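Biologist: I'd like to learn how to read a model like this one. Can we go through it feature by feature?

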Amino acid sequence: GVGFELWLQDHAGCTTLRTRAVLIATGCYEKPLAFPGWTVPGVMGAGAIQGFLKSQQFVPGERFVLAGSHPLQLVVADQLLGAGANVAAVVFTQHPWQVRKLLRNPLALLGNTRALMESMKILWRLSRAGVALKFGKTIVRAEGKSLQRVMIAALQRDGSIERSSVEILDCDRLGICHGFLASSELARQAGVHTI
């Protein structure tokens with residue numbers, strides 16, 4: 001059948017490998033989200049903060065706000081608390097009604113019971129530590145030469161920002177997490193069909 005021929009090189013030289021399929025595990029990166037102040041030093045991906053915590057055993061700031069739509073920000077907030085950091089708030093774009101709707105879906109719950117239970121434990125620990133949990137809100141702006149504060153505002157049901165609801169949160173690190181994209185650039189440049 002149709003297959004692939006890979007040329008592999010190591011310290012012993014070049015060899016050829018023929019195979020029917022190739023799986024390229026490229027990893028991923030966080031989806032960027034542009035907003036006023038997103039390039040201010042101190043604004044970073046939640047995964048980058050987690051990388052500092054796990055790989056470097058280093059807390060990369062003093063007071064953190066995590067914001068976005070992905071559950072990773074709960075995990076990172078919990079890890080930050082465990083490392084002794086001050087977590088001011090975790091901000092979710094999802095409205096409480098969206099969360100309740102998901103929790104009423106037995107099929108969604110059935111396949112994700114373990115993840116749901118772990119999320120509930122994390123929410124309990126964050127709440128117990130006094131971390132503000134904010135739903136239905138988004139980042140409007142980050143301010144400071146080096147990050148000093150972020151502004152958040154409520155999202156209306158149509159996705160527009162309710163400007164009259166702006167709230168200021170003091171922090172020196174903002175971790176953004178709106179999901180992930182596959183790092184498929186090199187494969188696409190080589191003409192590989194990606195799925």
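Biologist: Which residues make the nonpolar surface patch?

Modeller: A patch takes residues with over 30% relative accessible area and no salt bridge, joining like charges within 9 Å and nonpolar side chains (Val, Leu, Ile, Met, Phe, Trp, Tyr) within 5 Å. Areas come from the Shrake-Rupley method with a 1.4 Å probe, and for residues only the protein chains shown count as cover. Here Phe4, Val22, Ile24 and Val192 make a nonpolar patch of about 330 Å². This is a predicted model, so local features need pLDDT of at least 70 and side-chain atom pairs pLDDT 80 or more, while totals for chains, interfaces and linings use all residues. Residues are numbered from 1 along each chain as its sequence is written, and side-chain values use heavy atoms, without hydrogens and water.

Biologist: Where is Val192, then?

Modeller: Look in the segment after helix 6 (185–189); helices (H or I, at least four residues) and strands (E, at least two) are DSSP runs, numbered from the N terminus. Val192 has a relative accessible area of 38%, so we call it partly exposed, the class between buried (under 20%) and exposed (over 50%), with a 1.4 Å probe and protein chains only.

Biologist: How many salt bridges are there?

Modeller: The search of the whole structure gives 5; each has a side-chain nitrogen of Lys or Arg within 4 Å of a carboxyl oxygen of Asp or Glu. Take Arg18 and Glu5, whose closest N and O atoms are 2.9 Å apart. Arg18 sits in strand 2 (residues 13–19) and Glu5 in strand 1 (residues 4–10), so this pair ties together parts 13 residues apart in sequence. Arg18 is exposed at 65%, and Glu5 is partly exposed at 40%.

Biologist: Is Lys134 buried or exposed?

Modeller: Lys134 is buried, at 16%. Its salt-bridge partner is Glu167, with 2.7 Å between the closest N and O atoms. Glu167 belongs to strand 10 (residues 161–170) and Lys134 to strand 7 (residues 132–135), so the pair links parts 33 residues apart in sequence. Glu167 itself is partly exposed, at 24%.

Biologist: Which residues form a salt-bridge network?

Modeller: First, another pair: Glu143 and Arg149, at 3.2 Å between the closest N and O atoms. Then the network: salt bridges with shared partners join Asp78, Glu118 and Arg125.

Biologist: Which residues of helix 2 are buried?

Modeller: In helix 2 (residues 72–82), the buried ones include Asp78, from that network, along with Leu72, Leu74 and Val76. Just after helix 2, Gly84 takes a positive phi of about 90°.
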